[in-house]
Amino acid sequence: QVQLVESGGGFVQAGGSLRLSCAASGRTFSNYAVGWFRQAPGKDREFVAAISWSGANTYYADSVKGRFTIFRHIAENTVSLQMNSLKPEDAAVYYCAEGRNYGLGAQSLTTPDDVGYWGQGTQVTVSS
């Protein structure tokens, strides 16, 4: 079993940047796709970005493409999400997620049903 812990959330003005990090403990998550989802009040949890088990490929929601970048730091057993040019509509609780199945690519982790483990979430607030 793996435990995922997010950090790096906070308050930022529109146009600003934040970097979220997800640290795994209990075991390595280097053999699984890892991604980020977000959930705003009153809305469903939605996919943001994912990275393959090897780090070789990534996949993004259209709404964040070109602004967000997902990184994998295998030696540190962490995954980061660099968020630039933040908009008020990016405000949400952001969740780190590990894919359900071993050794798959980034596009294997795009819906909540694809997730094996969730982190507890970190709040991102963007003021206009």
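User: Why is the contact between E46 and R38 called a salt bridge?

Analyst: In this predicted model, the closest N and O atoms of E46 and R38 are 2.6 Å apart. The cut-off for a salt bridge is a side-chain nitrogen of Lys or Arg within 4 Å of a carboxyl oxygen of Asp or Glu, so the value of 2.6 Å qualifies. As for the background, side chains of opposite charge can pair when their charged atoms come close.

User: How do you know whether E46 is buried, exposed or partly exposed?

Analyst: The relative accessible area of E46 is 36%. Buried means under 20% and exposed means over 50%, so E46 falls in between and is called partly exposed.

User: And what makes R38 count as buried?

Analyst: R38 has a relative accessible area of 5%. That value is under 20%, so R38 is buried.

User: Which residues are linked with R38 in a network of salt bridges?

Analyst: R38, E46, R67 and D90 form that network. Within it, R67 makes a salt bridge with D90, and their closest N and O atoms are 2.7 Å apart. R67 lies in the loop between β6 (58-60) and β7, while D90 lies in the loop between β8 (78-83) and β9, so this pair ties together parts that are 23 residues apart in sequence. Both R67 and D90 are buried.

User: How many salt bridges does the structure hold?

Analyst: There are five salt bridges. One of them joins the side chains of R27 and E98, at 2.7 Å from N to O. Because R27 is in the loop between β3 and β4 (32-39) and E98 is in strand β9, the pair ties together parts that are 71 residues apart in sequence.

User: Why is E98 called buried?

Analyst: Its relative accessibility is 1%, which is under the 20% cut-off, so E98 counts as buried. R27, by contrast, has 25%, which lies between 20% and 50%, so R27 is partly exposed. E98 sits in strand β9 (residues 92-102), and it touches residues including V2, L4, F29, Y32 and Y117.

User: What makes β1 and β7 the edge strands of their sheet?

Analyst: The sheet is open, with four strands in the order β1-β3-β8-β7 and antiparallel pairing. β1 (3-7) and β7 (68-73) each pair on one side only, and that makes them the edges.

User: How do you know that β1 pairs with β3?

Analyst: Five bridges join β1 to β3 (residues 18-25). Pairing needs at least two bridges, so these strands count as paired. As an example, Q3 has S25 in β3 as its bridge partner.

Conventions
Residues are numbered from 1 along each chain as its sequence is written. This is a predicted model: local features need pLDDT of at least 70, side-chain atom pairs count only at pLDDT 80 or more; totals for chains, interfaces and linings use all residues. Side-chain values use heavy atoms; hydrogens and water are left out. Buried means under 20% relative accessible area, exposed over 50%, partly exposed in between (1.4 Å probe, protein chains only). Contact means heavy atoms within 4.5 Å. Lists of a residue's contacts leave out its neighbours within four places in sequence.
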